[in-house]
Structures are given as C-alpha cells and as structure tokens.
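Me: Hi! I have a protein model open and would like to go through it with you, one question at a time. Could you take a look?

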Amino acid sequence: MPRLPGQNPISRRRAIQSLGGVVLGAGLGYAGAAAFADAGKGAKQAYPQAPAMPADARPQHISLTAKQYLRQLAAAPAAPTEILDYTDGPTILRVKQGAWLEATLTNQLHEHTTIHWHGIRVPNAMDGVPYLTQPPVMPGESFAYRFQPPDTGTFFFHPHCNTVEQLGHGLAGILIVEGDETRPHDHDLVCAYRDWRIDGAGKYQPMMTDAGASKAGTFGDHRTINDQLQPVFKVPSGGDIRVRFLNLDMSRIVDLGVIGADAWVIATDGNGLPPQKLKSWRLGPAMRADLTLRMPDAAGTRIQLVNYYAPQPIVMAELEAEGAPLAKPAFVPAPLKRGVIPEPRLEGAETFQLRLSASSTPAELPPDLVMPDGSVLRYADALCLTPKTFWALNGQPWPSQSHEVLPPPLVTFQQGKTYIIEIINQTPHIHPVHLHGHTFKVLSSNKGDVVPHFADTTLVAPKERVKIALVADSPGDWMIHCHIIEHQETGMMGIYRVA
Ligand SMILES: [Cu+2]
C-alpha cells in the first residue's frame with residue numbers, strides 16, 4: 001500500500017510499543033513515550049461515558065473506513081492523487097435530527113485517529129478527542145460513535161490528532177442534519193471548499209512549514225469545490241436553490257459572494273438566522289454558511305460562487321440553469337425553523353477573557369528517531385505532539401508533549417450558567433476560534449456591527465475583541481482552539497471545563 005509523506009512502513013502500534021524501550025535505551029528518558037504505550041491500549045485514564053443507546057433505538061448505521069483512496073485532483077494527464085477519506089467520497093451523510101446514529105470508524109491508516117463531530121453538540125464521550133474524551137483508535141481498530149444529533153444544519157467531521165497531515169490529505173466528511181426548512185428548496189447543493197497542497201502533477205507539497213505555522217498558515221494553490229476545480233453544477237431553471245457552503249481548508253479565509261443572482265445567508269455553522277442579503281460573508285477554516293437563491297429562468301444561464309478574499313474575485317464554482325423554468329411565485333427568502341440551542345441569559349453573566357497571543361516559550365522536540373528497521377519515526381506523528389510552539393491561549397501554549405499529558409483547564413464553567421467569552425486577538429494574524437461541545441452566540445465586536453448569530457467557530461481579526469456567549473449546559477472537558485490547523489498544532493489550543 002502506498003504511504004503518505006512522513007508515514008513510515010511499520011505500524012504505529014508496533015512503533016509506539018517499541019518506542020518506550022528505544023527511547024529509554026537511548027538515554028533520552030522521555031517519560032511521555034512510555035506512558036503513551038499504555039495509553040494506546042486505552043487503559044491510561046478514565047474516559048467519560050456516553051449515555052447508552054436504548055435497546056429499541058433502531059439507529060441509522062454508517063460505516064466510515066479511514067484509509068487511502070485515489071482521486072483525480074490535478075487535471076489529466078496528471079495521475080490521481082492518494083488522498084484520505086472515510087468513503088470513496090466525497091463523504092456526505094444525511095441524517096435526521098434527534099434520530100440515533102451509529103457511525104463505526106474503522107482505522108486503516110498507518111497511525112491512530114478519531115472522529116470529531118465539528119459543531120454537533122454530542123455528549124463529551126463522543127467528541128472524538130484522543131486522550132481527552134476517548135482512547136485513540138489504533139490502526140486496525142474500530143470505534144462506534146453513537147449519538148442523536150440535536151440540531152439541524154450543515155456540519156462536518158474530521159480527525160483530531162496529527163490533523164495537519166490527516167485533514168491535509170483529505171480526511172473529512174460532511175454531515176447534513178435534515179428537517180430545518182419552512183419552505184422546501186428545489187435543489188440542495190453541498191459545496192465543500194478546500195485548497196489542496198499539490199502541484200500540477202498531483203504530488204503533495206509540505207502540509208506545514210515554520211513560516212506558515214508562525215504566520216497565516218501554509219497555503220495550497222489547487223482550489224476545489226467537492227474536490228473538483230471550478231465545477232459547474234446543473235440546477236433547475238427558475239428553481240429555489242439551497243447552497244450549503246463549507247470552508248474545509250486548513251488555512252484559507254473565504255469571502256463568499258454570488259454573482260448573477262440575489263442570495264441570502266440563512267444559516268451560520270448550520271444555525272438558522274433571519275435571512276441576510278448577501279454582499280459577501282467571511283468564513284474562516286471550519287466555518288459554514290447556507291445560502292438561499294432563485295436561479296434565472298433561461299436555461300444555460302450561469303451564476304458564480306466567488307471568493308472576494310483575494311486581489312481579484314476567484315470563481316470557485318458555477319451553477320447552470322437547466323430545463324424548462326419552474327413557474328413559481330416571486331422569490332422571498334424563507335427563514336429556517338427556529339433552532340433549539342439555549343438562548344444565553346446575558347444579564348449578570350460572568351465574562352471570561354480569552355487572549356490569543358504568540359507563545360513566549362518556544363520549544364522544539366528531540367530529533368526524529370531511527371527505528372531498528374531503518375525507518376524514521378517522527379515524534380510528532382507517533383505521539384500526537386506539537387512539533388513546535390508558536391501560539392498560546394491566555395499565555396499558555398498547549399504543551400509540546402503528548403495530548404496524553406493534558407494541561408489543566410483554562411477555565412471552569414458552572415453547569416447551567418451563561419458565560420460571556422471575550423476573545424482578544426493580540427497577534428497580527430486572523431484566527432478562527434472553535435469551541436467543542438457548545439454552540440455559542442456571537443454578540444459583538446469592537447470593530448463594527450455584528451449580526452447576532454449562533455456559531456461554533458468565529459473569526460477574530462488582529463486587534464479585534466469579539467464577545468460570544470453560551471449556556472454551559474454540557475458537562476465535560478472540551479477543547480477550544482484555533483481552526484487554522486497549523487496554529488492549533490503549534491500551541492493555540494486549550495481545554496475548558498463544564499462541571
Ligand atoms: Cu489561528
């Protein structure tokens with residue numbers, strides 16, 4: 001089986017099991033490695049327990065096999081690219097709000113993995129953070145995620161360790177939770193944006209560079225929607241179209257616009273809001289926006305989805321009207337059904353300040369390890385380590401050790417209370433800040449007016465202070481981190497606790 005860059009030919013488990021001895025034998029005395037060998041077997045710590053699925057639940061079963069697939073990304077005659085996915089995708093799941101889901105992850109990678117259900121308010125035990133909420137799923141192993149998606153909308157899922165390599169090679173899926181429309185659309189179109197780090201021959205470039213990780217991130221230059229370069233989607237002439245736009249890139253910002261038709265934003269990160277006439281809508285990595293629009297009547301007419309976050313607008317995809325026009329009354333954007341996320345009660349709420357900053361304690365790891373069979377084991381891959389530290393939350397970089405050595409929580413919220421979090425960006429770069437476990441309301445910014453909206457990820461620009469609020473209703477230890485993955489993996493990550 002072909003390997004990805006940075007992967008080694010021996011299994012992670014074998015490597016990790018031998019690692020403790022090798023490391024100690026080499027006199028490095030790296031304690032985390034030996035501890036990891038146990039953690040890999042799932043015995044290291046008590047993980048949270050998920051509520052049991054009732055015997056009569058009749059869940060929707062989904063099989064997700066994390067492995068390598070071949071996909072034609074670069075134009076022919078380039079060879080297909082070895083990508084990672086959960087199905088021979090793109091992986092798009094459609095499920096029902098509140099209905100039990102049993103998604104079984106089978107790991108056929110060369111290293112451990114998990115699934116984090118981004119933006120879905122799952123119980124803590126199902127949140128998919130290795131060493132925090134569950135043991136890592138080792139190569140050859142499986143793990144069943146069982147939960148009832150509580151909210152409708154457009155979500156996605158991805159691994160949460162060595163994310164820069166796994167997500168960078170494509171490992172992500174889309175989860176649509178249906179049942180939120182007050183007026184059905186004639187067509188529902190998923191548009192997942194990502195910018196592959198490949199060259200014209202379909203070969204990978206480095207996923208992470210020091211220059212990128214310490215600044216705005218490392219960028220690819222192969223911009224795709226649903227893994228296709230500037231695709232044209234055929235949709236009904238005169239039809240009402242829902243566009244579910246997801247920014248699945250690891251570092252690109254998108255200012256989403258539509259040319260050729262009026263469009264309205266009807267959901268942010270899956271959560272409905274009163275329809276907002278679209279000029280452009282800024283989306284950082286991991287953020288989503290659902291649009292509603294009416295196609296022109298004339299068959300063959302095209303409209304464009306564009307990114308204005310560039311010197312010249314970049315066309316990402318086109319929609320082409322097809323067939324005899326649907327005879328419909330004049331278009332008025334319909335809001336989605338009201339969500340069930342608890343409304344923060346702001347009066348008297350405590351404020352927690354979260355400062356985004358550069359790290360004052362840069363740290364480097366020991367050099368890579370040459371295994372007895374001559375292969376090279378990267379500490380960062382094997383141990384879920386941050387290879388370097390450039391960033392911090394409240395002055396504390398995520399320890400440049402294993403996820404298995406967890407830092408104390410940045411803050412503890414009392415279950416049931418409302419909290420305001422003021423996110424203060426003290427860096428010269430923009431950061432999409434993501435909270436696990438809770439969907440928050442974006443309230444205000446010192447930089448200008450904000451349309452109040454629910455979200456799971458919010459952008460904070462340099463010198464900006466953004467206020468968000470949430471009802472801390474789900475107990476557990478939850479991650480909070482920047483979703484520019486290189487920032488996350490070089491320190492801009494922490495834990496908040498609800499108890
Ligand atoms: Cu960041």
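Me: Which residues is L175 in contact with, leaving aside neighbours within four places in sequence?

Reply: With neighbours within four places in sequence left aside, the contacts of L175 are L93, V95, W117, I120, F155, F156 and F157.

Me: How much of the protein counts as buried?

Reply: The secondary structure comes to six helices and 33 strands. Among contacts with a separation of 6 or more, residues 24 or more positions apart account for 76%. Of the 499 residues, the part that counts as buried is 47%.

Me: In what order do the strands of the seven-stranded open sheet run?

Reply: Start from the edges, which are β11 and β16 (271–277), each pairing on one side only. Moving in from β11 (residues 228–229), its antiparallel partner is β10, over two bridges. β10 (residues 222–225) also pairs with β9 (residues 187–196), again in the antiparallel sense, over four bridges. The pairing in the sheet as a whole is mixed, and the order is β11-β10-β9-β13-β18-β15-β16.

Me: Which residue stands opposite T224 in β11?

Reply: T224 is in β10, where R194 stands opposite it. In the hairpin of β10 and β11, two residues lie between the strands, and N226 takes a positive phi near 50 degrees. On the β11 side, T224 stands opposite L229.

Me: What is the bridge partner of W264 in β18?

Reply: Strand β15 (residues 263–268) and strand β18 (residues 288–294) run antiparallel and are joined by five bridges. In β18, the partner of W264 is T292.

Me: Which strands stand at the edges of the six-stranded open sheet?

Reply: This sheet has mixed pairing and the order β24-β21-β26-β31-β28-β29. Its neighbouring strands are turned by 30 degrees against each other on average, direction ignored. An edge strand has a single partner, so one side of it is left without a neighbour in the sheet; that is the case for β24 (391–393) and β29 (453–455).

Me: Which residue stands opposite V442 in β29?

Reply: Strand β28 (residues 440–445) and β29 run antiparallel, with three bridges between them. V442 has as its opposite number in β29 the residue H453.

Me: Is R355 buried, exposed or partly exposed?

Reply: R355 lies in strand β21 (residues 350–358). Not counting residues up to four places away in sequence, R355 touches N394, I424 and Q426. Because R355 has 16 other C-beta atoms within 10 Å, it counts as partly exposed.

Me: Where is the proline of the cis peptide bond from G89 found?

Reply: There is a cis peptide bond from A76 to P77, with omega near 10 degrees, and P77 is in the loop between β1 (60–71) and β2 (81–85). The bond from G89 to P90 is also cis, with omega near 5 degrees. P90 is found in the loop between β2 and β3 (92–96).

Me: Is R58 buried or exposed?

Reply: R58 lies in the loop between α2 (31–39) and β1. Its phi is near 50 degrees, a positive value in a residue other than glycine. R58 has 11 other C-beta atoms within 10 Å, and 12 or fewer make a residue exposed, so R58 is exposed.

Me: Over which stretch with 78 contacts is the pLDDT below 50?

Reply: The mean pLDDT of the protein is 87, and 84% of its residues reach 70 or more. Where pLDDT is low, the predicted coordinates should not be read in detail. One such stretch is residues 379–383, where pLDDT stays under 50 and the model has 20 contacts beyond four places in sequence. The stretch with 78 contacts beyond near neighbours in sequence is residues 1–44.

Notes
Residues numbered from 1 in each chain as written. Predicted model: local features only at pLDDT ≥ 70, side-chain atom pairs only at ≥ 80, totals over all residues. Pairing = 2+ DSSP bridges. Axes fitted to C-alpha atoms, helices over the stretch in contact; angles between N-to-C directions. Buried ≥ 20, exposed ≤ 12 C-beta atoms within 10 Å, placed from the backbone. Contact = placed C-beta atoms within 7 Å. pLDDT = per-residue confidence, 0-100.
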